[in-house]
Amino acid sequence: MHATKFDAPTSPSVNKAFVLVVVVVVGFRVGFIGVTIRTFIHRLTCLATLVTSQRMSRPLQRGVSGGVRVPESGHDLWDSQSKDKTEKEDLDKRGSSDHSPFALRFPLRLILGNNSDSKCGNGIGENGFASDSFIVSSPRSRLKLMLLSLKFSLVFIVFLALTGSFWWTLSISSSSRGHIYHGYRRLQEKLVSDLLDIGEFSRGPLRLKESEFCSQDSENFVPCYNVSENVELEVSDGSEVDRQCGRELRQNCLVLPPVNYKIPLRWPTGKDVIWVANVKITAQEVLSSGSLTKRMMMLDEEQISFRSASHMFDGVEDYSHQIAEMIGLRNESYFIQAGVRTILDIGCGYGSFGAHLFDSQLLTMCIANYEPSGSQVQLTLERGLPAMIASFTSKQLPFPSLSFDMLHCARCGIDWDQKDGVLLIEADRLLKPGGYFVWTSPLTNARNKENQKRWKFIHDFTLTLCWELLSQQDETVVWKKTAKKSCYASRKSGSGPSLCGRGIDVETPFYRELQNCIGGMQSARWVPIEERERWPYRSNLNKNELAIYGLQPDELTEDSDSWKTAVQNYWSLLSPLIFSDHPKRPGDEDPSPPYNMLRNVLDMNAHFGGFNSALLQARKSVWVMNVFPISGPNYLPLIQDRGFVGVLHDWCEAFPTYPRTYDLVHAAGFLSLQTEQHRCTMLDVFLEIDRILRPEGWVIIRDIVPIIESARTLTAQLKWDARVIEIENDSDQRLLICQKPFFKRQAS
């Protein structure tokens with residue numbers, strides 16, 4: 001059974017039986033009317049034949065036996081009058097022989113029928129002679145006129161009868177109209193599902209061609225990042241790692257995992273241990289120098305273990321504690337009290353800083369350049385931590401202004417002093433008022449003059465940005481962005497970058513060129529982090545904050561309530577298919593809490609972030625990448641203000657991540673929005689979903705029925721397992737639940 005529903009108020013068999021009864025009754029009524037009309041026409045024809053035969057046969061009876069009496073010219077008038085008189089007398093006699101008048105007997109016989117009239121069907125009159133319909137007389141014209149009138153009357157009667165039957169059907173079903181409609185929708189859904197199944201079996205080789213598998217070279221390929229091509233073009237100013245979409249051919253194939261790929265370990269075990277075969281990295285790259293957190297890992301034959309508190313290396317716990325003290329806090333668990341919730345970790349290593357802060361309810365988004373191997377982003381996502389490919393080079397990041405409470409850069413490889421400080425201006429744009437910029441680099445303790453000069457430029461430039469230097473310890477420096485707009489007016493004339501105008505300072509920076517002006521000043525969202533609600537209360541914005549986006553508290557509340565129900569239903573649908581909410585694979589040890597099978601979630605059309613909020617309220621140990629299509633409404637600033645993370649994206653292009661990095665992809669109303677644009681096909685989008693989805697990962701699509709039917713057809717082409725689910729409280733929409741199978745690549 002492919003069509004299912006959440007909660008049915010009535011039994012499907014009862015609804016089907018009711019619909020069947022209505023159909024049978026309507027059919028009986030229409031059939032009865034048809035039989036009556038046919039009988040009426042038949043008897044009317046018999047009557048016409050009878051009258052004609054009687055009129056034409058009587059002269060034969062009055063003439064000479066065996067011949068036909070032909071009137072002479074001198075006696076035509078008398079013969080005609082005599083014949084009319086004789087026929088009238090004969091008709092009166094025939095009428096007097098019956099006990100009822102002909103006008104009354106005719107309708108009754110016509111409608112009720114009479115066995116004595118059966119000989120009419122053989123074309124024989126009452127006098128035993130065959131009737132001649134070709135003999136014309138003056139009464140025949142009157143008969144034709146009468147027949148024509150009767151035909152029009154019959155059409156009118158049929159119209160009234162059908163209208164009455166239709167009205168009667170509606171009247172008896174008015175009290176159960178909802179049940180009839182839902183029953184019809186279920187029958188329609190079942191019919192579509194069965195037809196699709198029958199089509200798959202019957203078409204055989206003629207069915208939709210399944211997508212081919214990509215070559216082994218595409219295991220870790222990310223479209224739009226053509227580093228080798230840029231290098232060949234002698235691009236060496238740092239922009240060789242920039243995102244450039246549209247120059248390469250789109251891949252119309254399914255990316256297979258590596259030969260020895262294994263399903264990632266469950267959270268939270270998977271946070272500290274990953275399979276070596278799942279990522280493209282070598283032992284030399286693991287042990288090479290680089291970011292502080294890069295060195296906090298151990299490699300064995302099959303696994304990489306991240307030991308954040310190891311005594312062999314500088315522990316990330318001590319490092320986080322140091323940053324908290326430099327801000328003036330007791331330890332990192334007090335970041336929430338200081339207004340810090342979201343952190344942008346630039347050049348994050350392998351995500352150990354964010355992994356440690358996760359225990360303090362801090363959400364850290366890792367960004368790093370595209371790397372063909374040893375990727376920071378790939379390993380961070382493999383651990384179940386937020387990450388995406390992005391770089392500080394020549395384009396703005398796809399985040400709105402005033403997005404993050406803290407920016408962190410620990411030996412991230414960014415030359416902040418280059419390009420006249422424009423990269424620091426971009427960092428300032430992303431920071432909320434009162435937010436923190438944490439930088440760890442040997443440049444801060446430089447001994448040679450060149451590095452000291454670079455450090456002095458950064459130190460002086462941050463003052464023109466109205467950043468306050470809070471503390472410096474060893475290689476780590478912490479700045480605090482001003483929360484007072486008056487600071488910019490108090491600067492010396494001509495010192496530092498100018499303020500952006502309204503036309504430049506926008507909330508939709510989708511890979512725009514870097515701006516050499518201070519952004520965020522024109523935004524109504526300029527609120528110091530200390531004045532915002534602490535997490536988790538921040539996720540429920542107050543009336544004044546919602547007014548910035550033209551929303552009322554009731555709208556957000558209604559949206560949140562609907563998503564609470566949806567998440568509960570989603571889990572009830574996924575659980576039977578994976579046997580439980582926390583399945584145990586053969587050979588695995590009993591998992592530790594919270595037993596979560598899903599960790600990395602991507603919402604393709606996040607809207608108000610209700611799906612993200614509902615997952616957290618349901619205590620699901622997931623994080624959500626909230627994506628906003630550039631063609632739809634942009635509520636990304638709202639998402640960032642609620643304490644979530646998100647990004648702008650064009651879904652006709654590849655998402656900035658590596659293959660096999662998400663456990664669940666969710667899309668509500670996205671396909672309808674995408675269909676209106678006609679910029680790329682649904683298959684293009686589905687191929688991209690398949691690329692970023694892990695083996696045995698899930699896809700949940702919620703949309704209108706025609707879109708879901710089209711999408712379900714494509715799932716066979718992508719080799720996904722799929723089910724269509726009915727939504728009881730919204731009959732115009734359906735759910736499409738899909739799971740990507742685990743296809744293993746054969747060793748060559």
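**Two lysines and a sheet**

Mentor: Let's start with K719, which is found in the loop between α21 (705-717) and β21 (721-726). Helices (H or I, at least four residues) and strands (E, at least two) are DSSP runs, numbered from the N terminus. This is a predicted model, where local features need pLDDT of at least 70 and side-chain atom pairs count only at pLDDT 80 or more, while totals for chains, interfaces and linings use all residues. Residues are numbered from 1 along each chain as its sequence is written, and side-chain values use heavy atoms, leaving out hydrogens and water.

Trainee: What is the phi of K719?
Mentor: K719 has a phi near 70°, a positive value in a residue other than glycine. Most residues other than glycine have a negative phi.

Trainee: Is K719 buried or exposed?
Mentor: K719 is buried, at 15% relative accessible area. Buried means under 20%, exposed over 50%, and partly exposed in between (1.4 Å probe, protein chains only).

Trainee: And where is K419?
Mentor: K419 lies in the loop between β10 and α12 (422-430). Its phi is also positive, near 55°, and K419 is partly exposed, at 40% relative accessibility.

Trainee: New topic: what is the strand order in the open sheet?
Mentor: The order is β9-β8-β7-β10-β11-β13-β12, 7 strands with mixed pairing. Strands count as paired if DSSP finds at least two bridges between them.

Trainee: Which are the edge strands?
Mentor: They are β9 (387-389) and β12 (467-473), each pairing on one side only.

Trainee: How many bridges join β12 to β13?
Mentor: There are 6, and the two strands run antiparallel. Within that pair, Q472 stands opposite V477 in β13.
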